[in-house]
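This report describes selected features of one protein model, with the conventions behind each value. The sequence and coordinates are shown first.

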Amino acid sequence: MKFYKLISVFLYPNVIPTLGVMFYFLTVPVNFESKQKMGILSLVFVVTYLFPLLISFIFKKIKLIDSYRIESIRQRKLPIALMFGVFYLLGNTISYIPNFHDLALLFFSTSLGLIIIYFLFYFKIKASIHLFSLGVFMGFFLVLSTVYQQSFLIIIIAILFLSGILANARLQLKAHTTKEIYFGFFIGIIAPIIGSFIL
């Protein structure tokens, strides 16, 4: 059981956006200045990792959530609503930086996916945010492969492999049903594809 908890922590949703940006800089055939890379990475890390941790801490202190796992749909609504606003603002900020329009898609897509996940709450469906985050990562690189006419097959296969391990961990921990795992992952995949047509 400790192994499954370790997997869930290692692939925590807040970590994935920063990893996505790192892989974007490492693989996309565009020359960015080192200062730009560090600036964007720092911004993404603060907004998508440190800020949600702070919000979770505050919400727990004022008893809006019972635990950091936020297991119930009722308690998930406010954090998810807050985060789709945060990701939208982050995408909007990055879109104004020259040559970073593609990267902005990652955050606009995450915001779109979170809106869909929030909508599913009304149907009593608690889609997996863990699998959603990896799905967005995968969908983003699928879109980039068409934009740059370049294969990102190794990254996509790696994401699929990690998604399988993570899905098993979430099921073993009884954090989600199989349906919730699939919903999270496939919403993540389609969000960047839909976003690429909108933006």
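## Conventions

Helices (H or I, at least four residues) and strands (E, at least two) are DSSP runs, numbered from the N terminus. Lys-37, for example, is placed in helix H3.

The model is predicted: local features need pLDDT of at least 70, side-chain atom pairs count only at pLDDT 80 or more, and totals for chains, interfaces and linings use all residues. Residues are numbered from 1 along each chain as its sequence is written, and side-chain values use heavy atoms, with hydrogens and water left out.

## Helix packing

Angles under 35 degrees count as roughly parallel, over 145 as roughly antiparallel, 65 to 115 as roughly perpendicular and the rest as oblique. A crossing is left-handed if the near helix is turned anticlockwise from the far one by less than a right angle, and right-handed if clockwise.

Helix H2 (residues 16-27) packs with helix H6 (residues 129-147) at an angle of about 20°, the two axes lying 10 Å apart. H2 is therefore roughly parallel to H6. The crossing of this pair is right-handed. With H5, the axis of H2 crosses at roughly 160°, and the two axes come within 11 Å. H2 is therefore roughly antiparallel to H5. H2 also passes H5 in a right-handed crossing.

## Nonpolar surface patch

Leu-54, Phe-57, Ile-58, Ile-62, Leu-64 and Leu-78 make a nonpolar surface patch of about 530 Å². Patches are made of residues with over 30% relative accessible area and no salt bridge, where like charges are joined within 9 Å and nonpolar side chains (Val, Leu, Ile, Met, Phe, Trp, Tyr) within 5 Å. A salt bridge is a side-chain nitrogen of Lys or Arg within 4 Å of a carboxyl oxygen of Asp or Glu. Accessible areas come from the Shrake-Rupley method with a 1.4 Å probe, and for residues only the protein chains shown count as cover.

Helix H3 (residues 34-61) gives the most to this patch, with three residues. Leu-78 belongs to helix H4 (residues 73-95). Its relative accessible area of 45% makes Leu-78 partly exposed; buried means under 20% relative accessible area, exposed over 50%, and partly exposed in between (1.4 Å probe, protein chains only).

## Buried and partly exposed helix positions

Ile-7 is located in helix H1 (residues 2-10) and counts as buried, at 14% relative accessibility.

Thr-110, in helix H5, is buried with a relative accessible area of 9%. Between the C-alpha atoms of Leu-134 and Phe-107, 27 residues apart along the chain, the separation is 13 Å. Lys-37 counts as partly exposed, at 28% relative accessibility. Its C-alpha atom is separated by 8.7 Å from that of Met-22, 15 residues apart along the chain.

## Loop residues with positive phi

Asn-99 is not a glycine, yet it has a positive phi of about 75°. This residue is found in the loop between H4 and helix H5 (101-120), where Asn-99 is exposed with a relative accessible area of 59%.

Gln-149 is not a glycine either, and has a positive phi of about 50°. The loop between H6 and helix H7 (153-172) holds Gln-149, which is exposed with a relative accessible area of 70%.

How values were computed
Axes fitted to C-alpha atoms, helices over the stretch in contact; angles between N-to-C directions.
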